[in-house]
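Thank you for making time for this.

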Amino acid sequence: MHEFIHNKAYRGLALSTYVDNFGIAFFNIVFIIYAAQLPYKTLAVSLVSFATIFPTILQFLTGYFADRTQFKLRSMMWSKWVQAVLFILLAVMIQRDASLLSFIIFIIINILSDLMGEFSNGLEISLLKENVVPENLNSAISLSSAALNLITIAGQAIGATLIVVWHHNFTLVALLNAATFVLAYIILWAYRLKIKLPLVVKAGPNDETVDSDSKGNVKSKNGFIQHTIAVFKALQKIEGIIGILILFFLVNLLASSVMGLINLSLIDFKTMWLFGNYGATVAGSAIAFSSGTIAGALIQDRLNRLELPSLSCLVLICLAVLTGDFLLVHISIVLILSLFAVGYLFGKIGPIFSTFIITNIEQNVLASSVGVLNTMILVGAPLGQLIFLGTANISNDRNAWLIYMVGVTLVFIFAVGLDYYSHQFKKGDANV
């Protein structure tokens, strides 16, 4: 909180991101409700779940272009306008008809907007490193993580409420989302003079030659492939990163698929509905996870001393309990508490890992490195969606949850093995 109050540059970047994410959370919950009302609701909900994940696997590309962009703040500001225009277009189209073709167009518009958001996030990472001193970076990231999840809760709750008050007027929702992007631009414009800009990069990793074009986009003479190879070489120097990446890939394959599978299963499991309402249950599930993430980021306890593999083991145990709820008991309180626990643990993992990466990667490849890491971790998300939601569509929900439980068990065994190896490795170092 100290950094937010006293660092105007950080405050401007944070406020813009908060407003931006409020609109996204507001729209995403409504989009799921919209999909659940369509004649092809099972397919529609699955597509929405996939669309929210797909842009994250392209972070290696958006991060590359973010690193290659010289005028980072200006580009970040203009990305907000592009997103606003996309949702104005969506607002015009969404009330026309409910055909599958139109719905796919809505999905594409949402994906394009999210890609612009990922590009903007890459730009923000570089600006954040430039404007926050290293010793305050972890607290700043933890605060942002908690605030963003709190805003997600507010956006989802307000979205689920207003869509009923507005009699399912999805055009108004899309226009409100467009307005949040415009407001995010205004905040960046107001703080633009307080934000310190990174120096223009003249050399990439391994003495890679770099110049810039007339529009301020940094251009590598060696190109994208060579740049990506250099980034991988830089990442390999980080001790233990390979095992952690494999574990995070597998955990994310499971964790990122669970909300889509929950949303799909709740259509049929009406006994699990909160207040007898599907939309309220979807929102409540997302709020439980977000609340847990906020608490995990802000509360310092014994879990903060655990290694990342140990925390991952606890995440997998909570996912096993959640799976057992859908397979056996169908109790909504178990669903909510399990999601809160998973969120709480992710609230511990996220800031620790992000701070570690930002402080160990040089500025000129920071966005690319974060993008590559996130892509390697999050590429499991669409694979998980394909496996579990595909099974639910082709077969049934129960078979999807059974396969999910098998996956949780296998990844748990791997996490325990990695945790044991990590402790043995540290003991070996201590004895040297």
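A search of the whole structure finds 3 salt bridges, a salt bridge being a side-chain nitrogen of Lys or Arg within 4 Å of a carboxyl oxygen of Asp or Glu. Before I go through them, please keep in mind that this is a predicted model, in which local features need pLDDT of at least 70 and side-chain atom pairs count only at pLDDT 80 or more, while totals for chains, interfaces and linings use all residues. Residues are numbered from 1 along each chain as its sequence is written, and side-chain values use heavy atoms, with hydrogens and water left out.

Let me take the pair K80 and D20, whose closest N and O atoms are 2.6 Å apart. When I speak of helices and strands, I mean DSSP runs numbered from the N terminus, with helices being H or I of at least four residues and strands being E of at least two. Are these two residues buried or exposed? K80 counts as buried because its relative accessibility is 4%, and D20 counts as buried at 5%, where buried means under 20% relative accessible area, exposed means over 50%, and partly exposed is in between, with a 1.4 Å probe and protein chains only. Leaving aside neighbours within four places in sequence, K80 is in contact with S16, D20, S120, F181, A184, Y185 and L188, contact meaning heavy atoms within 4.5 Å.

Another salt bridge joins the side chains of E130 and K196, at 3.9 Å from N to O. Here E130 lies in helix α6, whereas K196 is in the loop between α8 (170-191) and β1 (210-212), so the pair ties together parts that are 66 residues apart in sequence. E130 is partly exposed, with a relative accessible area of 22%.

There is also the pair D301 and K348, with the closest N and O atoms 3.2 Å apart. D301 sits in the loop between α11 (278-298) and α12 (308-329), and K348 sits in helix α13 (residues 332-360), so parts 47 residues apart in sequence are tied together. Within this pair, D301 counts as partly exposed at 26% relative accessibility, while K348 counts as buried at 2%.

Let me now step back to the chain as a whole. Its secondary structure comes to 16 helices and 2 strands, and buried residues make up 54% of its 432 residues. Of the contacts with a separation of 6 or more, 83% are between residues 24 or more positions apart.

How confident is the predictor? The chain averages a pLDDT of 81, and 88% of the residues score at least 70, pLDDT being the predictor's confidence in each residue, from 0 to 100. Over residues 201-221, however, the pLDDT is below 50, although beyond near neighbours in sequence this stretch has 50 contacts in the model.

Which residues of the largest nonpolar core touch the most other members? Of its 90 residues, they are F103, L254, I262, L319 and Y404, and helix α10 (residues 241-266) gives the most to this core, with 14 residues. A nonpolar core here is a set of buried Ala, Val, Leu, Ile, Met, Phe, Trp, Tyr and Cys residues joined through side-chain atoms within 4.5 Å. I262, leaving aside its neighbours within four places in sequence, is in contact with S285, L322, F326, L335, L339 and W401. Apart from this core lies another, of 13 residues, among them Y10, I141, A147 and I151.

L123 is placed in helix α6 and counts as buried at 0% relative accessibility, and beyond its neighbours within four places it is in contact with A66, T69, K72, S75 and M76. L112 also lies in helix α6, but L112 is partly exposed, with a relative accessible area of 42%. L112 belongs with L43, L100, I104 and I108 to a nonpolar surface patch of about 390 Å², to which helix α6 (residues 100-131) gives the most, with 4 residues. Such patches are made of residues with over 30% relative accessible area and no salt bridge, like charges being joined within 9 Å and nonpolar side chains (Val, Leu, Ile, Met, Phe, Trp, Tyr) within 5 Å, and accessible areas come from the Shrake-Rupley method with a 1.4 Å probe, where for residues only the protein chains shown count as cover.
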